[in-house]
Amino acid sequence: MATVNSIPSVDLADFTSGDPARKAAFVEQLGKAYEEVGFVAVRNHGIPADLIADLYKYVQEFFAQPSDVKKKYEIPELAGQRGYTSFGKEHAKGFDAPDLKEFFQFGQSVEDGDPIKSEYPDNVQVKELPKFTPTFFEAYRAFERSGRSLLQAIAIYLGLDEHYFDDKIHNGNSILRAIHYPPITQEPKSAIRAEQHEDINLITLLVGASADGLQILDKKGEWVPVTSLPEQIVVNVGDMLQRLTNNRLKSTTHRVVNPPREMWNTSRYSIPFFLHPKSSMDLTCLEGCVDAKHPAEFEPITAGEYLDERLREIGLKK
């Protein structure tokens, strides 16, 4: 297992190869990485390069639209869960200063008649860019497939059935979020574009942020930069998975810092996929992760209750 800038690198083709030895080695590598670091870089992740390129192209075209056009797609009652969210609406838990970013969120499209459809608002269609919505839909499905394979490996590592997560994430509440951090035009009050935080969900898949700036807090309490190679995605554990595994798998604190001064005139774009289960998933600590040495550290809660609590903490829900 290679390491890129302090985060371990794994090859998803090992898991999907059909070779039992390669598959077992992948499970071990991924599990250990998530116990020790909480972040990995993944090669052969199955999200086509041309789809990623299209996604970034349309995202940049959307954020380049005039403010009044973007504002049409900001629907306050959706609490930022679909469509556009303008600058300064969201802050990290425990911090009052808003993050310097605007974003667009695309969610689940239920296509099989599952009654859970009533829980999800419709996605917001961007009329000015006809290929924007179809590209987001295609990317969303590709991320779901890749994320499902990674969760199958995690399930095996935890001693669960390989398909433990499959039905919990099918038609789950995952979010594909396109973020734009604008150029810095005056001396910033803080060196941080997005304050330190942990993700809420099971796992996050991040594809090709267009500029450096992502840092993770290591075990020594030091901030370490994370850069993935162009053909890799970065995948980290979220709080729901940490909670489910009673802190065995680590949801690592991370942040986005401002670029060096000579790069202040540049935008940063980032497209994370926050993989969420259905709201009904029980996040009670798994029996296999609780023993005399590791008593359960969390009260039972469902994924929906936990998400609601956290959205209030970061200011997206009142």
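Analyst: Arg22 counts as partly exposed, at 36% relative accessibility. Here, buried means under 20% relative accessible area, exposed means over 50%, and partly exposed is in between (1.4 Å probe, protein chains only). Before going on: this is a predicted model, in which local features need pLDDT of at least 70 and side-chain atom pairs count only at pLDDT 80 or more, while totals for chains, interfaces and linings use all residues. Residues are numbered from 1 along each chain as its sequence is written, and side-chain values use heavy atoms, with hydrogens and water left out.

Back to Arg22. Its side chain meets that of Asp14 in a salt bridge, at 2.9 Å from N to O. A salt bridge here is a side-chain nitrogen of Lys or Arg within 4 Å of a carboxyl oxygen of Asp or Glu. Asp14 is buried, with a relative accessible area of 18%. In total, the structure holds 13 salt bridges.

Another of these joins Lys71 and Glu74, where the closest N and O atoms are 3.5 Å apart. Lys71 is partly exposed at 45% relative accessibility, whereas Glu74 is buried at 15%.

Now look at Arg310 and Asp239, whose side chains form a salt bridge at 2.4 Å, N to O. Arg310 sits in helix H8 (residues 303-313) and Asp239 in helix H7 (residues 239-244), so this pair ties together parts that are 71 residues apart in sequence.

Next, the strands. E11 (residues 233-237) has 5 of its 5 residues buried. Ile233, Val235 and Val237 point one way from E11, while Val234 and Asn236 point the other way. E11 is joined to strand E3 (residues 39-43) by 4 bridges, and the two run antiparallel; two strands count as paired if DSSP finds at least two bridges between them. In that pairing, Phe39 has Asn236 as its bridge partner. E11 also pairs with strand E8 (residues 203-207), in the antiparallel sense, over 5 bridges. There, Leu206 stands opposite Val234.

Strand E6 (residues 175-181) is mostly covered too, with 7 of its 7 residues buried. One side carries Ile175, Arg177, Ile179 and Tyr181, and the other carries Leu176, Ala178 and His180. E6 pairs with strand E5 (residues 102-106) over 5 bridges, antiparallel, and Gln105 has Arg177 as its bridge partner there. With strand E13 (residues 268-275), E6 makes another antiparallel pairing over 5 bridges, where Tyr181 is partnered by Arg268.

That brings us to the nonpolar side chains. A nonpolar core is a set of buried Ala, Val, Leu, Ile, Met, Phe, Trp, Tyr and Cys residues joined through side-chain atoms within 4.5 Å. The largest has 69 residues, and Phe104 and Ile154 touch the most other members. Helix H5 (residues 132-157) gives the most to this core, with 12 residues. Not counting residues up to four places away in sequence, Phe104 touches residues including Tyr73, Val124, Phe136, Leu176, Arg177 and Ala178; a contact means heavy atoms within 4.5 Å. There's also a second, separate core of 9 residues, which includes Phe39, Ala41, Leu214 and Val234.
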